[in-house]
Structure formats: structure tokens, C-alpha cells
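This report describes one protein chain for a reader who is new to structural models. Please keep the sequence and the structure in view while reading.

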Amino acid sequence: MAAVRNFVTKYQFTCSRLFVAARAVHASAHVPCSASAAVSVGDDAPSPPTAPSSHVSPSVLHDRVAHKFVNCMMWDGKKSLSQHIFKEALEIVKRGQLTKTKKSEDAVLDAMEIFHRAVDNAKPIMGTTGVRRGGKLYHVPVALRPERQEFLAVKWLITAAREKPGHGMAKKLAAELLDAFNHQGAVIKRKQDLHRLAEANRAFAHFRW
């Protein structure tokens, strides 16, 4: 009996030690990576290098608005031609701004910044929609959604460049971008005309509901 009691005691002691060791391993496995790195590496140690994101590109065509602009300007499925025209227009804009820098120090040299500001300046805030009441069609002013504002700005810039007299779509597009950037040109006039139409029909705003 004594031998049996000694065996049971040793077995219980061994099981308790194994249980404690298993709990220690489980606790160490759930330590956060940042905490373990801070303990092992230290606060002043540099972080290990990481690979760049595969979704980032230095190309101007990687921009969302520029990609939409190129797709809207594309004709007959010739996307490479549309991309070439867009890039050439940005180069013309940049060369024009470089010549302006010699006369003034306030010129913006980033062509993509000029493109984005031209699109922002061309965005209309208000528009009109046709509502029929009593057999008569009324132009009811409405606030435009951001997606609609961007679409109209891109569409007006491309249409104005195509209708501009002269040769070379890239040159005409560059001229329209600079005009819209400076709050001038046919696109800004079209935006102002739409705002005037909405203002003139403000008395029919209650027809919207």
C-alpha cells in the first residue's frame, strides 16, 4: 500500500508540474507582437524594412480622377491614345508654368495639382431638374451630389477642349485646364450659367417634393 501511495503522490506531482509548464507556454504564445518586439529589440532600435505596397504607383494615371478623366476622353476604345494626350497636356501645362515662373514666383509647377484644382473649380454646386406640374415643365433647382459634380466638371472640360478651335487635342486640353485653374474660360462660364439658371428658378424649389 505504501508503494501505491508513493506512486500516486509522484504522479500527482508530475502532472502538476506539467500543468504549470503548459500554462506558461500558453501565456507566452498570447503575448502581443509589439510588446514582445519592444522587450526584445528595445525602444531605440530601428524598425525592420517593409516591402512597398503593390497598389502604389508614381504614374499620374494611377490617380483616381485622372483615370476617370482618361476614360471619359477615350474615343472608339483607344485608351492608349487618350493616356498619351493627357500626359502631353500635363507636360504642356508644366512648361507653361515654368516660363511663368521667370516672371512671377507664385506660379504652381505641379501639373497634377493644377489638374485637380481645375476640376474642383469647374464643379457646379447647384443644378436643375425637370418637374412636370399641370402639364407644364419647370426647371427645379437641386443640390448636386459630389459624384455628379465631378462628372459634369470632367465632361465640360473635355467638351470645351474638343470644341476649341485649333489643332492638337493636347494643346487645347492644356489651355482649358489652365483657364479653369485661373477661373476663366468656357467651362467656368458654363458653370456660372447653370448657377444663374438655378437661381432664376428658385421660386419653383418646392416642386421638388
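## Helix α6

Helix α6 has 18 residues and extends 26 Å from its first C-alpha to its last, close to the 26 Å expected at 1.5 Å a residue. The expected span of a helix is 1.5 Å times one less than its number of residues. Helices (H or I, at least four residues) and strands (E, at least two) are DSSP runs, numbered from the N terminus.

The buried residues of α6 are Gln-149, Glu-150, Leu-152, Ala-153, Val-154, Trp-156, Leu-157, Ile-158, Ala-160 and Ala-161. Buried means under 20% relative accessible area, exposed over 50%, and partly exposed in between, with a 1.4 Å probe and protein chains only. These buried residues pack against α3 (64–73), α5 (111–122), α7 (169–181) and α8 (185–200).

## Basis and confidence of the model

This is a predicted model, in which local features need pLDDT of at least 70 and side-chain atom pairs count only at pLDDT 80 or more, while totals for chains, interfaces and linings use all residues. Residues are numbered from 1 along each chain as its sequence is written, and side-chain values use heavy atoms, with hydrogens and water left out.

The predictor's confidence in each residue is given by pLDDT, from 0 to 100. Its mean over the chain is 79, and 72% of the residues reach 70 or more. Confidence is highest in helix α6 (residues 146–163), at a mean of 95, and lowest in helix α2 (residues 33–40), at 44. Over residues 29–42 the pLDDT is below 50, and this stretch has two contacts in the model beyond near neighbours in sequence. Where pLDDT is low, the predicted coordinates should not be read in detail.

## Overall arrangement

The chain contains eight helices and two strands, in the order α-α-α-α-α-β-β-α-α-α along the sequence. Of its 209 residues, 27% count as buried.

## Packing of α3 and α5

Helices α3 and α5 pack at an angle of about 70 degrees, with their axes 11 Å apart. Axes are lines fitted to C-alpha atoms, for helices over the stretch in contact, and angles run from 0 to 180 degrees between N-to-C directions. The two helices, α3 and α5, are therefore roughly perpendicular to each other, a term for angles of 65 to 115 degrees; those under 35 count as roughly parallel, those over 145 as roughly antiparallel and the rest as oblique.

In this packing, Val-65, Ala-66 and Phe-69 of α3 meet Met-112, Phe-115, His-116 and Val-119 of α5. Contact means heavy atoms within 4.5 Å.
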